[in-house]
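Let's take a friendly walk through a protein structure together. Keep the picture open while you read, and look up each part as we reach it.

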Amino acid sequence: MAHRVLAVDDSLLMHKAIASTLRDTEFELVAQGKNGEEAVELYVEHRPDLVLMDIVMPKLSGKEALKKILALDPSARVIMISSLGTDDAVTECLQAGARRFVQKPFESQQLLNAMRSVLRHP
Amino acid sequence: MSEPSPDSEGAVAVGGVQFFGQYLLAKGLIGPEALREALDYQRSVNIPLGALALSKGLLTEKQVLHVHTEQRRSDRMFGEIAVLKGFMTRQQLDELLREQKEARVLLGDALVRKGYLSWEKVAEAYKNYQAEQAQAEAQVQRRLQRIPNRLLVDSVIQMSTRMLLRMGGQVSKLAAVAQETRLLPREYTFWQEVEGDLPFAYYLSIGTPELLALAHAILRAVGEPEEDLPQDVDLLVLDVGKEFVNIVVGHVCTRLSHDGFSTMPLPPDHAEGEDFSPTLQPGASSINVRLVLPLGDVAISIRCEPSREDFPTTRIR
Ligand SMILES: [Mg+2]
């Protein structure tokens, strides 16, 4: 059965990049959000196996959305995808419970490797 | 193209740092049509090293992919990574590079082959071009030395150039840098503000043809079919512009964090029109940078607080 994925990013380009990466793989994109608020709502609605989360977004940032999702479901598997690879941001997200940090621009293989590795280590 | 502002110290100098094709255009030796055709021809016949290695059976497809992934994280050349990874020997790489170089069609070759210029004209023009370039590049480097907030400015130039190449497949060169009192906007400006220890704002101002070329290259890389590429500036193109800026700025902040600065970007935005002019905070300055591309240019502006003496500086690589 396909692993269900929620992708959250304020950029249409990134949604295209993620969709093309997941095409013809064992992953199924079940929902797409464009800010942190939508991320939380869509997480509750779909309960995906994996969340791909941007950081810099309007309304609610990916860092805040990550914390809210983990408060609702401590077993949530969230991978951060951001160009913002600052020591602060990476540490904060990983300490808050994000499983991986993938820096933009990413190669398809790099993202798939991160996703597979997260699913292998529940 | 915008006129230089009175205090721009020749930021848009006549001549200046440019690519050979632009030099030929400026000297009236060829027209824009000839340049486009020659550049297309070059792209169609020149083979990337990965493809050449693949066709020779030196690397597998998986190895080529692996090297490309690695390239995104470092500034190393394809061949260098392939050797480091043990995919080929130094000797095999040298042989491959020699072969690639022999087969490589330069712009001058392309113009001759397409019948736009004679060999003699190309050779003469190239000699003059090289002499002028050396002077122009030295002048820009001298100006750069006098610019405040060097760490920030250097990071911005480095990351903008790097992402234009990595994401947009476009080689760019630093053509001008000046501290000014206002922006020099083009048709579209994409910007992002950054909060934290070193607050700044990054503006990328770009004309329609350059923006479309950049968006097409970025969209192709994410698998957008050729027939779906936007032919005009639409919402998707504007989104690509904003995300491009977001990625450049994210990498600038990442670089700054290695020097101990804590920064946080706000979501990017965009504006249209050449009269776009956000107000400067009192005491803030605008550092305007012009990057030339083989088929045009982009203007970058960094607005920041006055330089602080304790800012470390790095040399531009
Ligand atoms: Mg974003």
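**A walk through two chains**

B:Asn149 sits in the loop of chain B that runs between H8 and helix H9 (150-166). Before we look around, keep in mind that this is a predicted model. B:Asn149 is not a glycine, yet its phi is positive, at about 55 degrees. Is this residue buried or exposed? With a relative accessible area of 3%, B:Asn149 falls under the 20% cut-off, so it counts as buried.

Helix H8 covers residues 119-145 of chain B, and B:Gln133 is part of it. B:Gln133 counts as buried because its relative accessibility is 5%. Which residues does it touch, if we leave aside neighbours within four places in sequence? They are B:Gly16, B:Val17, B:Gln18 and B:Lys173.

Zoom out to see chain B as a whole. It contains 11 helices and seven strands. Of its 317 residues, 50% are buried. Take the contacts in chain B with a separation of 6 or more: 73% of them are between residues 24 or more positions apart. The accessible surface of this chain is about 15,600 Å², and carbon and sulfur atoms account for 52% of that area.

Let's move to chain A. Here you can find five helices and five strands, and along the sequence they follow the pattern β-α-β-α-β-α-β-α-β-α. The C-alpha trace spans about 35 × 30 × 30 Å along its principal axes. How does this chain match a compact globule, and why? A compact globule of 122 residues would have a radius of gyration near 14 Å, and chain A has 13 Å, which agrees. In chain A, 56% of the residues count as buried. The side chains include 15 positive and 17 negative ones, and the centres of these two sets lie 3 Å apart.

Next, find A:Val102 in strand E5 (residues 100-103) of chain A. A:Val102 has a relative accessible area of 4%, so it is buried. Not counting residues up to four places away in sequence, its contacts include A:Ile79, A:Met80 and A:Ile81, as well as A:Leu111 and A:Ala114. A:Leu52 is 50 residues away from A:Val102 along the chain, and their C-alpha atoms are separated by 9.6 Å.

Two loops complete the tour. Between E5 and helix H5 (108-120) of chain A lies the loop that holds A:Pro105. A cis peptide bond, with omega about -5 degrees, joins A:Lys104 to A:Pro105. In the loop between H2 and E3 of chain A you will find A:Arg47. Though not a glycine, A:Arg47 has a positive phi, near 45 degrees. Its relative accessible area is 43%, so A:Arg47 is partly exposed.

Notes:
Residues numbered from 1 in each chain as written. Chains lettered and ligands numbered in written order. Predicted model: local features only at pLDDT ≥ 70, side-chain atom pairs only at ≥ 80, totals over all residues. Heavy atoms only, no water. Helix = DSSP H or I, 4+ residues; strand = E, 2+ residues; numbered from the N terminus. Rg over C-alpha atoms; globule rule 2.2 N^0.38 Å. Buried < 20%, exposed > 50% of the residue type's maximum accessible area, 1.4 Å probe, protein only. Lys, Arg positive; Asp, Glu negative; His and termini not counted. Charge placed at Lys NZ, Arg CZ, Asp CG, Glu CD. Contact = heavy atoms within 4.5 Å. Areas by Shrake-Rupley, 256 points an atom, 1.4 Å probe, with all protein chains shown as cover.
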